[in-house]
Amino acid sequence: MKQNLSPYHPRRVFSIFTFVVTVFLIIMKRKHFLGFKPLPPERFKQTIDQLGACFIKFAQVLATRADFFPAEYLEQLKQLHDEVAPMSPKDLERVFNQAFSQNNPFSQFDKKPIASASIGQVHVAYLNNQTRVAVKLRRFGIKRKVQADIRILRLLNKWLKPLFSSYTNNSIETLIMEFSEMILFEINLRNELENLLEFSTVYAKESIIFPKAYSAYSSESALVMSFEEGIRLSDIIRSAQPEMNPINFNDIMEQLIRFYIVQILAKGVFHADPHPGNMLINSEGKIVMLDFGMVKRIPNDTRLAIIEMVKAAYEYEFERFIAACKKLGIITYEAPQSQIQEYAKRVFDIFGDDHLSASTMQDLAFELLASMQAFPFKLPQDVVYVIRAGVLIEGLGTTRIENFNSVKDIFPLLKRYIPQALIFEEQLFQSLFKEVQNFPLMLKRVRDIFYHLNDGSMSMNISRDQVEWVEKEVRGYIKRIVIGFVIMMFGIALMSNDFPGHSFWGWMTLLLGWLKVLYSL
(Lines give C-alpha, C1' and ligand atoms only; values in the text may rest on other atoms or scores of the structure.)
Protein backbone atom coordinates (compact mmCIF):
# COMPACT_ATOMS: atom_id res chain seq x y z
CA MET A 1 0.00 0.00 0.00
CA LYS A 2 1.38 3.39 -1.01
CA GLN A 3 1.04 6.21 1.49
CA ASN A 4 -1.53 8.81 0.39
CA LEU A 5 0.33 11.69 2.02
CA SER A 6 1.21 15.19 0.83
CA PRO A 7 4.78 15.49 -0.57
CA TYR A 8 6.05 17.34 2.54
CA HIS A 9 4.14 15.40 5.19
CA PRO A 10 6.53 14.76 8.16
CA ARG A 11 5.96 10.98 8.02
CA ARG A 12 6.80 10.92 4.32
CA VAL A 13 9.88 13.14 4.76
CA PHE A 14 11.07 10.78 7.52
CA SER A 15 10.62 7.80 5.16
CA ILE A 16 12.76 9.59 2.56
CA PHE A 17 15.35 10.29 5.30
CA THR A 18 15.53 6.58 6.23
CA PHE A 19 15.86 5.71 2.52
CA VAL A 20 18.79 8.14 2.01
CA VAL A 21 20.53 7.10 5.27
CA THR A 22 20.21 3.45 4.24
CA VAL A 23 21.84 4.18 0.88
CA PHE A 24 24.69 6.09 2.58
CA LEU A 25 25.30 3.35 5.17
CA ILE A 26 25.22 0.52 2.61
CA ILE A 27 27.74 2.27 0.36
CA MET A 28 29.94 3.11 3.37
CA LYS A 29 29.47 -0.44 4.75
CA ARG A 30 28.62 1.01 8.17
CA LYS A 31 26.25 -0.67 10.63
CA HIS A 32 24.75 2.49 12.13
CA PHE A 33 24.81 6.29 12.12
CA LEU A 34 23.57 8.47 15.04
CA GLY A 35 21.46 5.54 16.24
CA PHE A 36 19.99 4.83 12.78
CA LYS A 37 20.60 1.45 11.18
CA PRO A 38 20.14 0.64 7.47
CA LEU A 39 16.70 -0.72 6.66
CA PRO A 40 16.63 -4.51 6.09
CA PRO A 41 16.27 -5.44 2.38
CA GLU A 42 12.53 -6.23 2.47
CA ARG A 43 11.72 -3.12 4.53
CA PHE A 44 13.88 -1.05 2.15
CA LYS A 45 11.81 -2.30 -0.80
CA GLN A 46 8.53 -1.61 1.04
CA THR A 47 9.64 1.96 1.85
CA ILE A 48 10.50 2.62 -1.81
CA ASP A 49 7.17 1.18 -2.93
CA GLN A 50 5.29 3.40 -0.47
CA LEU A 51 7.18 6.54 -1.54
CA GLY A 52 5.96 6.06 -5.10
CA ALA A 53 6.96 7.09 -8.64
CA CYS A 54 10.19 8.99 -8.12
CA PHE A 55 11.75 6.47 -5.76
CA ILE A 56 10.64 3.41 -7.74
CA LYS A 57 12.47 4.81 -10.77
CA PHE A 58 15.48 5.71 -8.59
CA ALA A 59 15.50 2.14 -7.26
CA GLN A 60 15.52 0.74 -10.80
CA VAL A 61 18.78 2.65 -11.38
CA LEU A 62 20.19 1.50 -8.02
CA ALA A 63 19.35 -2.11 -8.95
CA THR A 64 22.22 -2.06 -11.48
CA ARG A 65 24.79 -0.93 -8.89
CA ALA A 66 26.29 -4.22 -7.74
CA ASP A 67 29.41 -2.15 -6.98
CA PHE A 68 27.37 -0.48 -4.19
CA PHE A 69 24.70 -2.90 -2.98
CA PRO A 70 24.98 -6.44 -1.56
CA ALA A 71 23.11 -9.25 -3.33
CA GLU A 72 20.22 -9.35 -0.82
CA TYR A 73 19.39 -5.69 -1.50
CA LEU A 74 19.76 -6.05 -5.28
CA GLU A 75 17.33 -8.98 -5.23
CA GLN A 76 14.65 -6.83 -3.54
CA LEU A 77 15.29 -3.80 -5.79
CA LYS A 78 14.82 -5.92 -8.92
CA GLN A 79 11.33 -6.87 -7.74
CA LEU A 80 10.05 -3.29 -7.90
CA HIS A 81 7.76 -2.68 -10.87
CA ASP A 82 6.62 0.62 -12.34
CA GLU A 83 2.96 -0.40 -12.50
CA VAL A 84 0.27 1.53 -10.64
CA ALA A 85 -3.52 1.82 -10.64
CA PRO A 86 -5.05 4.14 -13.29
CA MET A 87 -6.01 7.72 -12.44
CA SER A 88 -9.45 8.36 -11.03
CA PRO A 89 -12.08 9.52 -13.57
CA LYS A 90 -11.95 13.01 -12.01
CA ASP A 91 -8.16 13.29 -12.36
CA LEU A 92 -8.31 11.88 -15.91
CA GLU A 93 -10.85 14.55 -16.89
CA ARG A 94 -8.65 17.29 -15.40
CA VAL A 95 -5.55 16.12 -17.30
CA PHE A 96 -7.46 15.64 -20.58
CA ASN A 97 -9.03 19.10 -20.39
CA GLN A 98 -5.69 20.70 -19.59
CA ALA A 99 -4.07 19.05 -22.63
CA PHE A 100 -6.88 19.32 -25.19
CA SER A 101 -9.34 22.01 -24.05
CA GLN A 102 -8.19 24.39 -26.80
CA ASN A 103 -7.83 21.77 -29.53
CA ASN A 104 -9.55 18.40 -29.18
CA PRO A 105 -8.47 16.36 -32.22
CA PHE A 106 -10.36 13.17 -31.26
CA SER A 107 -13.63 11.83 -32.57
CA GLN A 108 -13.40 9.03 -29.98
CA PHE A 109 -11.36 8.59 -26.79
CA ASP A 110 -11.36 5.41 -24.68
CA LYS A 111 -11.24 6.42 -21.01
CA LYS A 112 -9.99 2.98 -19.94
CA PRO A 113 -6.16 2.95 -20.23
CA ILE A 114 -4.30 0.10 -21.94
CA ALA A 115 -1.22 0.74 -19.74
CA SER A 116 -0.68 2.62 -16.48
CA ALA A 117 2.67 3.55 -14.88
CA SER A 118 3.97 6.00 -12.29
CA ILE A 119 4.53 8.93 -14.69
CA GLY A 120 1.55 8.48 -17.01
CA GLN A 121 -0.98 6.19 -18.65
CA VAL A 122 -1.82 5.32 -22.26
CA HIS A 123 -5.26 5.42 -23.92
CA VAL A 124 -6.56 4.42 -27.35
CA ALA A 125 -8.24 7.20 -29.36
CA TYR A 126 -9.30 8.06 -32.92
CA LEU A 127 -8.49 11.33 -34.66
CA ASN A 128 -11.21 13.18 -36.56
CA ASN A 129 -10.02 11.45 -39.76
CA GLN A 130 -10.51 8.06 -37.98
CA THR A 131 -6.78 7.36 -37.62
CA ARG A 132 -6.19 5.14 -34.59
CA VAL A 133 -3.67 6.66 -32.15
CA ALA A 134 -2.17 6.04 -28.71
CA VAL A 135 -2.40 8.95 -26.25
CA LYS A 136 -0.03 9.13 -23.29
CA LEU A 137 -1.30 11.43 -20.51
CA ARG A 138 0.88 12.59 -17.63
CA ARG A 139 -0.50 11.56 -14.24
CA PHE A 140 -2.33 14.35 -12.38
CA GLY A 141 -0.13 16.13 -9.82
CA ILE A 142 2.96 14.01 -10.63
CA LYS A 143 5.10 17.03 -11.60
CA ARG A 144 4.63 18.68 -8.19
CA LYS A 145 5.30 15.39 -6.34
CA VAL A 146 8.47 14.62 -8.28
CA GLN A 147 9.81 18.16 -7.84
CA ALA A 148 9.14 17.94 -4.09
CA ASP A 149 10.88 14.54 -3.86
CA ILE A 150 13.94 15.86 -5.71
CA ARG A 151 14.15 18.91 -3.41
CA ILE A 152 14.02 16.68 -0.31
CA LEU A 153 16.59 14.24 -1.77
CA ARG A 154 19.03 17.04 -2.60
CA LEU A 155 18.55 18.71 0.79
CA LEU A 156 19.14 15.48 2.73
CA ASN A 157 22.22 14.76 0.62
CA LYS A 158 23.55 18.26 1.41
CA TRP A 159 23.02 17.72 5.17
CA LEU A 160 24.58 14.25 5.22
CA LYS A 161 27.57 14.98 2.97
CA PRO A 162 29.90 16.34 5.67
CA LEU A 163 29.45 13.17 7.75
CA PHE A 164 30.79 10.75 5.15
CA SER A 165 33.94 10.27 3.08
CA SER A 166 34.58 12.20 -0.13
CA TYR A 167 34.38 8.96 -2.18
CA THR A 168 30.91 8.18 -0.81
CA ASN A 169 29.77 11.78 -1.26
CA ASN A 170 30.89 11.86 -4.89
CA SER A 171 29.24 8.51 -5.64
CA ILE A 172 25.89 9.39 -4.06
CA GLU A 173 25.83 12.98 -5.27
CA THR A 174 26.52 11.82 -8.83
CA LEU A 175 23.69 9.29 -8.55
CA ILE A 176 21.21 11.83 -7.16
CA MET A 177 22.12 14.62 -9.60
CA GLU A 178 22.01 12.30 -12.62
CA PHE A 179 18.71 10.78 -11.52
CA SER A 180 17.20 14.21 -10.72
CA GLU A 181 17.95 15.48 -14.21
CA MET A 182 16.59 12.28 -15.78
CA ILE A 183 13.28 12.17 -13.87
CA LEU A 184 12.59 15.93 -14.28
CA PHE A 185 13.30 15.49 -18.00
CA GLU A 186 10.99 12.46 -18.19
CA ILE A 187 7.91 14.12 -16.63
CA ASN A 188 7.85 16.69 -19.45
CA LEU A 189 6.31 14.75 -22.34
CA ARG A 190 7.65 17.29 -24.84
CA ASN A 191 11.07 15.79 -24.14
CA GLU A 192 9.78 12.30 -24.91
CA LEU A 193 8.30 13.67 -28.14
CA GLU A 194 11.73 15.07 -29.12
CA ASN A 195 13.39 11.74 -28.28
CA LEU A 196 10.87 9.85 -30.43
CA LEU A 197 11.42 12.24 -33.36
CA GLU A 198 15.22 11.89 -32.97
CA PHE A 199 15.06 8.08 -32.97
CA SER A 200 12.77 8.08 -36.01
CA THR A 201 15.36 10.17 -37.89
CA VAL A 202 18.68 8.73 -36.62
CA TYR A 203 17.57 5.09 -36.89
CA ALA A 204 15.36 5.38 -39.97
CA LYS A 205 17.41 2.73 -41.81
CA GLU A 206 17.18 0.16 -38.99
CA SER A 207 14.66 -2.68 -38.96
CA ILE A 208 13.19 -1.48 -35.62
CA ILE A 209 9.78 0.19 -35.79
CA PHE A 210 8.97 3.46 -33.96
CA PRO A 211 5.54 5.05 -33.51
CA LYS A 212 4.78 8.12 -35.61
CA ALA A 213 4.57 11.25 -33.44
CA TYR A 214 1.81 13.86 -33.87
CA SER A 215 3.63 16.99 -32.71
CA ALA A 216 0.70 19.34 -33.36
CA TYR A 217 -1.46 17.57 -30.75
CA SER A 218 1.27 16.90 -28.17
CA SER A 219 2.23 19.06 -25.18
CA GLU A 220 4.04 18.95 -21.83
CA SER A 221 1.27 16.75 -20.37
CA ALA A 222 0.22 14.72 -23.43
CA LEU A 223 1.92 12.75 -26.22
CA VAL A 224 -0.06 11.62 -29.27
CA MET A 225 1.46 8.93 -31.51
CA SER A 226 0.38 6.24 -33.94
CA PHE A 227 -1.14 3.09 -32.45
CA GLU A 228 1.17 0.20 -33.20
CA GLU A 229 -0.19 -3.33 -33.49
CA GLY A 230 1.71 -6.24 -31.96
CA ILE A 231 2.16 -8.62 -29.04
CA ARG A 232 3.86 -7.15 -26.01
CA LEU A 233 7.17 -8.94 -25.41
CA SER A 234 6.33 -9.29 -21.72
CA ASP A 235 3.19 -11.27 -22.70
CA ILE A 236 5.28 -13.57 -24.92
CA ILE A 237 7.69 -14.23 -22.04
CA ARG A 238 4.82 -14.99 -19.64
CA SER A 239 3.11 -17.26 -22.18
CA ALA A 240 2.22 -20.63 -20.63
CA GLN A 241 3.00 -22.45 -23.91
CA PRO A 242 5.89 -20.63 -25.61
CA GLU A 243 6.36 -23.48 -28.08
CA MET A 244 2.90 -22.65 -29.53
CA ASN A 245 4.03 -19.10 -30.33
CA PRO A 246 5.19 -18.75 -33.98
CA ILE A 247 7.67 -15.96 -33.12
CA ASN A 248 11.35 -16.90 -33.39
CA PHE A 249 12.85 -15.63 -30.14
CA ASN A 250 16.43 -16.08 -31.41
CA ASP A 251 15.69 -13.66 -34.27
CA ILE A 252 14.21 -11.16 -31.80
CA MET A 253 17.33 -11.28 -29.63
CA GLU A 254 19.62 -10.85 -32.64
CA GLN A 255 17.58 -7.82 -33.76
CA LEU A 256 17.75 -6.36 -30.27
CA ILE A 257 21.49 -6.95 -29.71
CA ARG A 258 22.33 -5.61 -33.16
CA PHE A 259 20.20 -2.50 -32.55
CA TYR A 260 21.89 -1.83 -29.20
CA ILE A 261 25.36 -2.22 -30.75
CA VAL A 262 24.38 0.45 -33.28
CA GLN A 263 22.83 2.68 -30.59
CA ILE A 264 25.63 2.51 -28.02
CA LEU A 265 28.73 1.98 -30.17
CA ALA A 266 27.87 3.69 -33.47
CA LYS A 267 25.42 6.51 -32.79
CA GLY A 268 25.79 7.22 -29.07
CA VAL A 269 22.04 7.71 -28.49
CA PHE A 270 20.25 4.78 -26.87
CA HIS A 271 16.95 3.73 -25.31
CA ALA A 272 17.97 3.20 -21.68
CA ASP A 273 14.88 1.23 -20.59
CA PRO A 274 14.54 -1.85 -22.84
CA HIS A 275 12.34 -3.91 -20.52
CA PRO A 276 9.86 -6.30 -22.20
CA GLY A 277 6.86 -4.05 -21.44
CA ASN A 278 8.38 -1.39 -23.72
CA MET A 279 8.57 -3.62 -26.79
CA LEU A 280 6.00 -5.10 -29.16
CA ILE A 281 6.54 -7.80 -31.78
CA ASN A 282 4.46 -7.09 -34.90
CA SER A 283 3.03 -9.56 -37.40
CA GLU A 284 6.27 -9.43 -39.46
CA GLY A 285 8.37 -10.41 -36.43
CA LYS A 286 9.89 -6.93 -36.11
CA ILE A 287 10.46 -5.14 -32.82
CA VAL A 288 8.39 -2.01 -32.08
CA MET A 289 10.07 0.19 -29.45
CA LEU A 290 7.83 2.17 -27.07
CA ASP A 291 8.32 4.72 -24.25
CA PHE A 292 11.14 7.15 -25.03
CA GLY A 293 11.19 8.90 -21.66
CA MET A 294 14.56 7.41 -20.66
CA VAL A 295 17.02 8.09 -23.48
CA LYS A 296 20.74 8.55 -22.81
CA ARG A 297 23.48 10.12 -24.90
CA ILE A 298 27.04 8.82 -24.70
CA PRO A 299 29.93 11.23 -25.40
CA ASN A 300 32.12 10.19 -28.32
CA ASP A 301 35.23 9.56 -26.17
CA THR A 302 33.20 7.35 -23.78
CA ARG A 303 31.72 5.42 -26.70
CA LEU A 304 35.15 4.70 -28.20
CA ALA A 305 36.55 3.75 -24.77
CA ILE A 306 33.72 1.21 -24.29
CA ILE A 307 34.53 -0.34 -27.69
CA GLU A 308 38.22 -0.55 -26.78
CA MET A 309 37.51 -2.04 -23.35
CA VAL A 310 35.16 -4.79 -24.61
CA LYS A 311 37.35 -5.58 -27.62
CA ALA A 312 40.54 -5.71 -25.47
CA ALA A 313 38.86 -8.02 -22.95
CA TYR A 314 37.71 -10.35 -25.71
CA GLU A 315 41.19 -10.41 -27.31
CA TYR A 316 43.03 -10.67 -23.93
CA GLU A 317 44.92 -7.41 -24.49
CA PHE A 318 45.81 -6.55 -20.87
CA GLU A 319 47.46 -3.14 -21.42
CA ARG A 320 44.78 -1.95 -23.86
CA PHE A 321 42.04 -3.07 -21.45
CA ILE A 322 43.58 -1.10 -18.54
CA ALA A 323 44.04 1.98 -20.75
CA ALA A 324 40.39 1.85 -21.83
CA CYS A 325 39.21 1.45 -18.21
CA LYS A 326 41.23 4.53 -17.25
CA LYS A 327 39.71 6.49 -20.14
CA LEU A 328 36.25 5.53 -18.90
CA GLY A 329 37.15 6.57 -15.35
CA ILE A 330 36.47 3.08 -13.94
CA ILE A 331 40.00 2.85 -12.52
CA THR A 332 40.85 5.76 -10.24
CA TYR A 333 44.23 7.47 -10.19
CA GLU A 334 45.33 5.94 -6.85
CA ALA A 335 44.39 2.32 -7.72
CA PRO A 336 47.41 0.07 -6.93
CA GLN A 337 48.80 -1.99 -9.81
CA SER A 338 48.13 -5.26 -7.93
CA GLN A 339 44.42 -4.46 -7.62
CA ILE A 340 44.23 -3.42 -11.28
CA GLN A 341 45.73 -6.79 -12.24
CA GLU A 342 43.26 -8.65 -10.03
CA TYR A 343 40.33 -6.74 -11.56
CA ALA A 344 41.57 -7.41 -15.12
CA LYS A 345 42.14 -11.11 -14.37
CA ARG A 346 38.54 -11.50 -13.18
CA VAL A 347 37.25 -9.83 -16.35
CA PHE A 348 39.43 -12.05 -18.55
CA ASP A 349 38.27 -15.16 -16.66
CA ILE A 350 34.65 -14.28 -17.46
CA PHE A 351 35.38 -13.78 -21.16
CA GLY A 352 37.62 -16.83 -21.37
CA ASP A 353 35.45 -19.59 -19.88
CA ASP A 354 33.53 -21.30 -22.68
CA HIS A 355 31.63 -23.54 -20.26
CA LEU A 356 29.81 -20.83 -18.30
CA SER A 357 26.02 -20.96 -18.29
CA ALA A 358 24.07 -17.71 -18.58
CA SER A 359 23.20 -17.71 -14.88
CA THR A 360 26.81 -18.38 -13.86
CA MET A 361 27.90 -15.62 -16.23
CA GLN A 362 25.53 -13.13 -14.58
CA ASP A 363 26.65 -14.22 -11.10
CA LEU A 364 30.29 -13.65 -12.04
CA ALA A 365 29.54 -10.26 -13.60
CA PHE A 366 27.70 -9.07 -10.49
CA GLU A 367 30.45 -10.52 -8.30
CA LEU A 368 32.95 -8.48 -10.32
CA LEU A 369 30.91 -5.32 -9.80
CA ALA A 370 30.52 -6.10 -6.09
CA SER A 371 34.31 -6.47 -5.78
CA MET A 372 34.64 -2.84 -6.84
CA GLN A 373 33.30 -1.87 -3.41
CA ALA A 374 36.64 -2.93 -1.91
CA PHE A 375 38.77 -1.44 -4.70
CA PRO A 376 39.45 2.25 -5.40
CA PHE A 377 37.35 1.99 -8.56
CA LYS A 378 34.23 3.88 -9.56
CA LEU A 379 31.50 3.39 -12.13
CA PRO A 380 30.66 6.52 -14.22
CA GLN A 381 26.95 7.17 -14.77
CA ASP A 382 27.29 6.86 -18.57
CA VAL A 383 28.52 3.30 -18.04
CA VAL A 384 25.81 2.58 -15.42
CA TYR A 385 23.00 3.08 -17.94
CA VAL A 386 24.83 0.97 -20.54
CA ILE A 387 25.13 -1.82 -17.95
CA ARG A 388 21.46 -1.43 -17.02
CA ALA A 389 20.43 -1.87 -20.67
CA GLY A 390 22.76 -4.88 -20.95
CA VAL A 391 21.33 -6.51 -17.81
CA LEU A 392 17.76 -6.08 -19.11
CA ILE A 393 18.67 -7.57 -22.49
CA GLU A 394 20.52 -10.45 -20.79
CA GLY A 395 17.38 -11.09 -18.71
CA LEU A 396 15.24 -11.23 -21.86
CA GLY A 397 17.56 -13.74 -23.52
CA THR A 398 17.76 -16.11 -20.54
CA THR A 399 13.94 -16.43 -20.37
CA ARG A 400 13.65 -18.28 -23.67
CA ILE A 401 17.14 -19.24 -24.95
CA GLU A 402 19.06 -21.99 -23.16
CA ASN A 403 22.52 -20.88 -21.95
CA PHE A 404 22.06 -17.48 -23.60
CA ASN A 405 25.20 -15.44 -23.01
CA SER A 406 24.96 -11.85 -24.22
CA VAL A 407 28.66 -11.12 -23.62
CA LYS A 408 29.84 -13.95 -25.89
CA ASP A 409 26.92 -13.76 -28.33
CA ILE A 410 27.59 -10.07 -28.91
CA PHE A 411 31.01 -10.57 -30.51
CA PRO A 412 30.04 -12.09 -33.86
CA LEU A 413 27.73 -9.10 -34.29
CA LEU A 414 30.28 -6.69 -32.82
CA LYS A 415 32.91 -7.80 -35.35
CA ARG A 416 30.41 -7.30 -38.15
CA TYR A 417 29.48 -3.77 -37.04
CA ILE A 418 32.74 -2.58 -35.47
CA PRO A 419 33.74 -0.59 -38.61
CA GLN A 420 30.51 1.38 -38.33
CA ALA A 421 31.00 1.84 -34.58
CA LEU A 422 34.49 3.24 -35.15
CA ILE A 423 33.20 5.50 -37.95
CA PHE A 424 35.38 3.76 -40.54
CA GLU A 425 32.65 2.53 -42.84
CA GLU A 426 31.22 5.94 -43.81
CA GLN A 427 34.21 8.22 -43.31
CA LEU A 428 37.32 6.17 -44.13
CA PHE A 429 38.55 8.29 -47.02
CA GLN A 430 37.66 11.53 -45.27
CA SER A 431 39.63 10.40 -42.19
CA LEU A 432 42.68 9.38 -44.25
CA PHE A 433 42.63 12.66 -46.17
CA LYS A 434 42.36 14.63 -42.91
CA GLU A 435 45.33 12.73 -41.41
CA VAL A 436 47.46 13.50 -44.49
CA GLN A 437 46.50 17.18 -44.19
CA ASN A 438 47.43 17.22 -40.48
CA PHE A 439 50.81 15.52 -40.94
CA PRO A 440 52.86 18.78 -41.29
CA LEU A 441 51.14 20.15 -38.18
CA MET A 442 51.99 16.97 -36.26
CA LEU A 443 55.68 17.35 -37.21
CA LYS A 444 55.62 20.95 -35.98
CA ARG A 445 54.15 19.81 -32.63
CA VAL A 446 56.89 17.19 -32.22
CA ARG A 447 59.54 19.88 -32.91
CA ASP A 448 57.86 22.21 -30.34
CA ILE A 449 57.97 19.47 -27.70
CA PHE A 450 61.74 19.10 -28.13
CA TYR A 451 62.19 22.89 -27.91
CA HIS A 452 60.21 23.02 -24.64
CA LEU A 453 62.17 20.10 -23.20
CA ASN A 454 65.41 21.85 -24.08
CA ASP A 455 64.59 25.22 -22.49
CA GLY A 456 62.81 23.78 -19.43
CA SER A 457 59.40 25.29 -20.23
CA MET A 458 57.61 21.96 -20.72
CA SER A 459 54.21 21.90 -18.99
CA MET A 460 51.90 18.96 -18.24
CA ASN A 461 48.11 18.69 -18.08
CA ILE A 462 46.77 16.84 -15.03
CA SER A 463 43.60 14.79 -15.33
CA ARG A 464 40.54 15.45 -13.19
CA ASP A 465 41.02 12.10 -11.45
CA GLN A 466 44.55 13.09 -10.44
CA VAL A 467 43.31 16.43 -9.07
CA GLU A 468 40.57 14.67 -7.08
CA TRP A 469 43.12 12.23 -5.65
CA VAL A 470 45.48 15.06 -4.62
CA GLU A 471 42.57 16.98 -3.05
CA LYS A 472 41.52 13.92 -1.07
CA GLU A 473 45.07 13.26 0.15
CA VAL A 474 45.65 16.91 1.15
CA ARG A 475 42.26 17.09 2.88
CA GLY A 476 43.02 13.97 4.91
CA TYR A 477 46.51 15.25 5.77
CA ILE A 478 45.21 18.62 7.01
CA LYS A 479 42.38 16.95 8.94
CA ARG A 480 44.83 14.72 10.86
CA ILE A 481 47.08 17.69 11.75
CA VAL A 482 44.11 19.83 12.89
CA ILE A 483 42.83 16.98 15.10
CA GLY A 484 46.33 16.67 16.61
CA PHE A 485 46.50 20.39 17.43
CA VAL A 486 42.98 20.33 18.91
CA ILE A 487 44.05 17.45 21.22
CA MET A 488 47.18 19.42 22.21
CA MET A 489 45.09 22.53 23.00
CA PHE A 490 42.77 20.40 25.11
CA GLY A 491 45.82 19.08 27.00
CA ILE A 492 47.01 22.64 27.70
CA ALA A 493 43.51 23.53 28.92
CA LEU A 494 43.56 20.54 31.27
CA MET A 495 46.91 21.64 32.77
CA SER A 496 45.54 25.11 33.53
CA ASN A 497 42.61 23.66 35.52
CA ASP A 498 42.72 22.87 39.24
CA PHE A 499 41.56 19.33 39.96
CA PRO A 500 43.35 16.19 41.23
CA GLY A 501 45.72 14.81 38.58
CA HIS A 502 45.15 17.72 36.19
CA SER A 503 48.85 18.09 35.46
CA PHE A 504 49.33 14.39 34.63
CA TRP A 505 46.26 14.13 32.38
CA GLY A 506 47.13 17.44 30.73
CA TRP A 507 50.64 16.28 29.85
CA MET A 508 49.34 12.88 28.62
CA THR A 509 46.76 14.59 26.37
CA LEU A 510 49.38 17.04 25.10
CA LEU A 511 51.72 14.12 24.30
CA LEU A 512 48.91 12.27 22.51
CA GLY A 513 48.18 15.34 20.35
CA TRP A 514 51.88 15.81 19.59
CA LEU A 515 52.18 12.16 18.49
CA LYS A 516 49.09 12.59 16.28
CA VAL A 517 50.71 15.59 14.54
CA LEU A 518 54.08 13.82 14.31
CA TYR A 519 52.64 10.72 12.61
CA SER A 520 50.63 12.91 10.23
CA LEU A 521 53.79 14.52 8.81
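Guide: Start with one word. Buried means under 20% relative accessible area. Helix α10 is mostly covered by that test, since 14 of its 19 residues are buried. Keep in mind that this is a predicted model.

Visitor: What does the secondary structure of the protein come to?

Guide: It comes to 19 helices and 10 strands. Buried residues make up 44% of the 521 residues. The protein exposes about 28200 Å², and carbon and sulfur atoms supply 57% of that area.

Visitor: Back to α10. What span is expected for this helix, and what does the model give?

Guide: At 1.5 Å a residue, 27 Å is expected. From first C-alpha to last, α10 reaches 26 Å, which is close. Glycine 268 follows the helix, and its phi is positive, near 80°.

Visitor: How do you know that the length of helix α6 agrees with its residue count?

Guide: The expected span is 1.5 Å times one less than the number of residues. Helix α6 runs over residues 142-160, which is 19 residues, so it should span 27 Å. Its end C-alpha atoms are 27 Å apart, so the two agree.

Visitor: Which residues of α6 are buried?

Guide: Among them are Ile142, Val146, Asp149, Ile150, Leu153 and Leu160. Asp149 comes up again in a salt bridge.

Visitor: What makes aspartate 149 and arginine 12 a salt bridge?

Guide: The cut-off is 4 Å between a side-chain nitrogen of Lys or Arg and a carboxyl oxygen of Asp or Glu. Here the closest N and O atoms are 2.6 Å apart, so the pair passes. Aspartate 149 lies in helix α6 and arginine 12 in helix α1, so the bridge ties together parts 137 residues apart in sequence. Both aspartate 149 and arginine 12 are buried.

Visitor: How many salt bridges does a search of the whole structure find?

Guide: It finds 11. One of them joins arginine 138 and glutamate 220, at 3.2 Å from N to O. That pair links distant parts of the chain: arginine 138 is in strand β4, glutamate 220 in the loop between α8 and β5, 82 residues apart.

Visitor: Why is arginine 138 called buried, and why is glutamate 220 called partly exposed?

Guide: Arginine 138 has 10% relative accessibility, under the 20% limit, so the word is buried. Glutamate 220 has 27%, between 20% and 50%, so the words are partly exposed.

Visitor: What about glutamate 308 and arginine 320?

Guide: Their side chains meet in a salt bridge, 3.2 Å from N to O. Glutamate 308 lies in helix α11 and arginine 320 in helix α12, so the pair ties together parts 12 residues apart in sequence. Glutamate 308 is partly exposed, with a relative accessible area of 26%. Arginine 320 is partly exposed too, at 26%. Elsewhere, Lys136, Glu192 and Asp291 are linked in a network of salt bridges.

Visitor: How many aromatic pairs are found in the whole structure?

Guide: The search finds 20. Phenylalanine 199 and phenylalanine 210 form one, with 5.9 Å centre to centre and 80° between the planes.

Visitor: What makes the pair of phenylalanine 210 and phenylalanine 259 tilted?

Guide: Its planes are 45° apart. Under 30 counts as stacked and over 60 as edge-to-face, so 45° is tilted. Phenylalanine 259 sits in helix α10, 49 residues from phenylalanine 210. Ring pairs link Phe199, Tyr203, Phe210, Phe259, Tyr260 and Phe292 into a cluster.

Visitor: How do you know that threonine 22 is buried?

Guide: Its relative accessible area is 0%, under the 20% limit, so it is buried. Threonine 22 is found in helix α1. Leaving aside neighbours within four places in sequence, threonine 22 is in contact with Pro38, Leu39, Phe44 and Tyr73.

Visitor: Why is leucine 511 called partly exposed?

Guide: Its relative accessible area is 43%, between 20% and 50%, so the label holds. Leucine 511 is in helix α19. With Phe504, Trp505, Met508, Trp514, Leu515 and Leu518, Leu511 forms a nonpolar patch on the surface, with about 700 Å² of accessible area together.

Key: Residues numbered from 1 in each chain as written. Predicted model: local features only at pLDDT ≥ 70, side-chain atom pairs only at ≥ 80, totals over all residues. Heavy atoms only, no water. Patch = residues over 30% accessible without salt bridge, like charges linked within 9 Å, V, L, I, M, F, W, Y side chains within 5 Å. Areas by Shrake-Rupley, 256 points an atom, 1.4 Å probe, with all protein chains shown as cover. Helix = DSSP H or I, 4+ residues; strand = E, 2+ residues; numbered from the N terminus. Buried < 20%, exposed > 50% of the residue type's maximum accessible area, 1.4 Å probe, protein only. Phe/Tyr/Trp six-rings, centres within 6.5 Å; stacked < 30°, edge-to-face > 60°. Contact = heavy atoms within 4.5 Å.
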